[in-house]
Amino acid sequence: MAFSSPSSSSSPSSTHKWDVFLSFRGLDTRNNFIAYLYSALYQKGIKTYRDDKNLERGEIISPTLLKAIEESMSSIIVLSPNYASSTWCLEELTKILECKKTKQQIVLPVFYHVDPSEVRNQRRSFGEALTKHQERFKEDPKVQRWKEALQEVASLAGEYLEDGNENEFMEKIIQWVASKIVESTYQLDIVEYPIGLESCLKELNTKLEIGRNDITLIIGIYGTGGIGKTTIAKAIFNSIGKEFEARCFLPNVREISSREEGMVKLQKQLLDDLLGNFGSFNISNVGATNVIKHRLRSKRVLLILDDVNESRQLEELARNKYWFSPGSRIVITTRDQHVLTYHPVDSTYEVQGLDNNQAIQLFSWHAFKRDKPVESYVNLTKCIIGYAKGLPLALEVLGSDLRGRSIQEWESALEKYKRSPHKDIYEILKISYDGLDDNEKDIFLDIACFFKWKSVKYVTKILDSCRFSSSIGIAKLKDKCLININHYHFVEMHDLLQQMGKEIVRQESPKEVGERSRLWFHEDVRHVLEENTGTNKIEAMLLEFPGGHNKICLHPEAFGKMRNLQLFINKNAQFSAGPNYLSNQIRLLEWAHYPSSSLPSNFRGDNLVEFLMYHSLIKELGGLKFENLTNMDLVDCKFLTKIPDLSSCRNLEMLNLANCSSSSAIWKSLEGLELKYCCLSKSNFFIFPRLKYLHLNECKKLEEILPLPLSIVSVQARGCTSLESFALLSEILTKNNGRNFYDFLRIDLYECHNLLVIPSWEEGRQNFTYPFAEREFGIIFPGKGIPDWFCYCKEAHDSNQCEIDINPPHHWNGKDEIIFCVVFGLNPMEKIYFDISVSIHDGSDWKTLCHPSNWTPLCTNEANGFYLLDDANHVWMHRMRYKSKQRPDISNFRFQCQSKCLVFRNVGIHFVKNHEENVRDDIGDHIELDSPFFYYSSDDDENPNEDFEYETDDKNLKEIFGKRRRDDEYDCNMEPNRSPQQKRTQIYSNLFL
């Protein structure tokens, strides 16, 4: 099949010059039966070849005649009494039967005043003729071929005329020919320019397994509207339909089944196409499903059900594969992937958009009638390709719409498309939206307007707070191909689907924006806030100016009419004043550069889930009720003096108060907790049992951090120059038996030079290994030594690369762990991009354990690059598990940094064997296999949920950090390389926390 260019034909009938080839004995039928039959076929528009020139004058059949047979779709062989006496006729017969085998030519034998048994058994005139041929040609093998050909043709189903009416007999033949032509040439119209179709068909042909007649297969094809599902299904029908005893293409199942008696009509068409005309048989009275089930069990069929959207349609048309004979194939196309889950299929195929090259070709054929754009339209074409994002429907519609228009008209059209989609594209895409329930429609519109490229977890949290059933709703949107969840669990949506969603909102009130439910265009939001045109219909607003900060002259009563507002997001607008009123329905309040010292007196924040007011002038937040709060961000609120009581915030996950006021009154509700220029000695973070991220950077008077909750994921305390002690998770681990660790713990104590509580290396390796045995762990802190219990260590001589050989090679048992340790120094004020890696080779290939994005830079971000903060030595330690089913021998590690500003002082490797301490065998299994941070072998077969016992004796658990002054800091006597070099290994990690 060649579908890569528009010149390719989608109809196999184009290879047939003739519909019918007539083979006959002129002596018997030329001037009577054949003359009338030929005329009747001609009048019906059936192209028929009849040999009128040679009149059988030679012994050898002419090449022209042989070519005519090969170019015919079907042959009618009129077996009259003297047919076998002609060697010419017998040669024609042999050639026809050959084409039947090699070219699937359709053959109809007509027994004209001849009994079929006479031909089959070669009696009477046929036997006499063959006897004469045998006497004449002696041992020539062609006589035997003629005998076999006559036996074969006599065994075929045909028409027999003995003494009946020749006109009726002739009409019967004509009807047969017409039906066979229609059946054979029945090709569905596909797109004019089938770009990209060939690769789809190739993959689907593999799934269909054509030629295997011992199985019945059901294949599901799914994808968003306009992606090309129907086109692919039609191409399948055209390309393989002739391989089956019957075939049926049921289009528009969704639309037809929704009409009155629609399902009955679909069932009748299915039966008519696969079994023949059912005539007046009233299938609705006897139950069509039983008829389909029983009548199709003995017939190999190809059935294509196009645009299915409900499982009930499949229940009544193709409930399961056992309705159909082995060798049958059923193909289903749908926008709803869940239909293919509820109704089990053998395999599925998701239709993807076209790549850029294919998109340019398809668009160019429609816009320019050539495979590439006209030179002066190249840049505009690129804009269209970017807008369509590989959607064939959009490329075809827009190409046809712009064909023959001027550059100025193209530019004008592009501006229009950006504001609202082309109506033909909009209507097709909206079909999927119309099939949603109200809850799913609201979720779709919120994602289209506000939450594209946001994490599923974040979107679910916000929408659940708005009383949407978001988990099931998001799943259904994904099933219907309206959104996609990518590898990193972020919500994706095709740009045209997003535009369709925004157009649906715009249509709520085309003229007055204040009457719409959602506002996202900055000029619309400006109009509502400055002109006070908002209404109770507004539920969500996003304000983000494309050119950066812009001034909003807020009408003092602008928010007063928006009593149903649930989401307000201001990214970069500068307001002239604060609001006099805010709805207590608000779940998400993000207002950067809030211009007032307080929130409106009516606002209680009962429903707030996200409260983000960074870089604001806010002073007091007293009186608010934050029972549902999960995230509070008040970064750089330098005038803040009072915050509400957070002791009831049981769901708080993230609290960021960096660069806030130094007033101790802020932390009264937190038992004296004060971030930046405050003391944390009396704080207790257990009041936040779900706290995950704690940011304490540059808290210059922070002296102590007491135990943290089990949920903690990241602690950043960079530049806390007064910090003396940091109690980690010892108590938590023992009280909770070390269970329920799902995240990698990062602790950043960079530049905390007065730290009194640092690792007590002399107390033994269990101080580092035991308490964290259930969790990936990484830490940076001031220091200059590698503990002496490390298996392997080496001085790096201030280089950017260092290798450690493992001798003898370490045999990996699949449960051991690795601890990396690097002592590094930095060159101050050196412009860098931080990038450290550790590499390992496990005997088969280079593997990645940690990705550079695993950590945040240990530097500030200045105008033109990254600048280092401190040139003192620091230690980075990282514990992780490397899982490999192959159980390789590890022989070499390599530490490397691309930036010249960072130098290695010392490096070390320690292997933690599973028998060294009483730790859980499946440590680290909570880390997801698709995490970009860690490498795990995909074929690992260990059970990640195997039971374990954990010691809970508080007395036996040593504190991981014991008090130790910096001037007493342990200084390891570094040894040269402790083992010779062997195989190279590579594992990437990096130094960022």
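A salt bridge here is a side-chain nitrogen of Lys or Arg within 4 Å of a carboxyl oxygen of Asp or Glu. By that rule, a search of the whole structure, which is a predicted model, turns up 34 salt bridges. The close-ups below show some of these, along with other local features.

View 1. Lys268 and Asp272 sit four residues apart in helix α12 (residues 262-275), or about one turn of the helix. Residues three or four places apart in an α-helix point the same way, because there are 3.6 residues a turn. Here the two side chains meet in a salt bridge, with 3.0 Å from N to O. Lys268 counts as partly exposed, at 28% relative accessibility.

**View 2. Helix α23 and its link to α21.** Lys476 and Glu440 meet through their side chains in a salt bridge of 3.4 Å, N to O. This pair ties together distant parts of the chain, with Lys476 in helix α23 and Glu440 in helix α21, 36 residues apart. Lys476 is partly exposed at 33% relative accessibility, while Glu440 is buried at 5%. As for the rest of α23 (residues 470-479), its buried residues are Ser470, Gly473, Ile474, Leu477 and Asp479. Their cover includes α15 (337-342), α21 (438-451), α22 (456-465) and β11 (484-485). Just after the helix, look for Cys481, which takes a positive phi of about 60 degrees.

**View 3. A salt bridge between Asp606 and Arg604.** The closest N and O atoms of this pair are 3.0 Å apart. Asp606 is partly exposed, with a relative accessible area of 28%, and Arg604 is partly exposed too, at 41%.

View 4. Salt bridges that share partners join Glu70, Lys95 and Glu98 into one network. Lys95 is found in helix α4 (residues 87-102). It counts as buried because its relative accessibility is 13%, and the cut-off for buried is under 20%. Leaving aside residues up to four places away in sequence, Lys95 touches Leu66, Ile69 and Glu70.

**View 5. Glu152 and its contacts.** Glu152 belongs to helix α7 (residues 142-154) and is partly exposed, with a relative accessible area of 24%. Residues up to four places away in sequence aside, it touches Leu97 and Lys101.

**View 6. An open sheet of five strands.** The strand order is β7-β8-β9-β6-β10, with parallel pairing. At the edges are β7 (246-250) and β10 (347-350), each pairing on one side only. Neighbouring strands are turned by 15 degrees against each other on average, direction ignored. Inside the sheet, six bridges join β6 (residues 217-222) to β9 (residues 329-334), and Ile221 stands opposite Thr333 in β9.

**View 7. Strand β28, enclosed on both faces.** Six of the six residues of β28 (residues 777-782) are buried, so the strand is largely enclosed by the rest of the structure. Phe777, Ile779 and Phe781 point one way, and Gly778, Ile780 and Pro782 the other. Four bridges join β28 to β26 (residues 745-748), running parallel, and six join it to β37 (residues 874-881), running antiparallel. Gly778 stands opposite Arg746 in the β26 pairing and has His878 as its bridge partner in β37.

**View 8. A nonpolar surface patch.** Trp453, Tyr488 and Phe490 make up this patch of about 350 Å². Tyr488 is found in the loop between β11 and β12 (491-492).

Technical notes
Residues numbered from 1 in each chain as written. Predicted model: local features only at pLDDT ≥ 70, side-chain atom pairs only at ≥ 80, totals over all residues. Heavy atoms only, no water. Helix = DSSP H or I, 4+ residues; strand = E, 2+ residues; numbered from the N terminus. Buried < 20%, exposed > 50% of the residue type's maximum accessible area, 1.4 Å probe, protein only. Contact = heavy atoms within 4.5 Å. Pairing = 2+ DSSP bridges. Axes fitted to C-alpha atoms, helices over the stretch in contact; angles between N-to-C directions. Patch = residues over 30% accessible without salt bridge, like charges linked within 9 Å, V, L, I, M, F, W, Y side chains within 5 Å. Areas by Shrake-Rupley, 256 points an atom, 1.4 Å probe, with all protein chains shown as cover.
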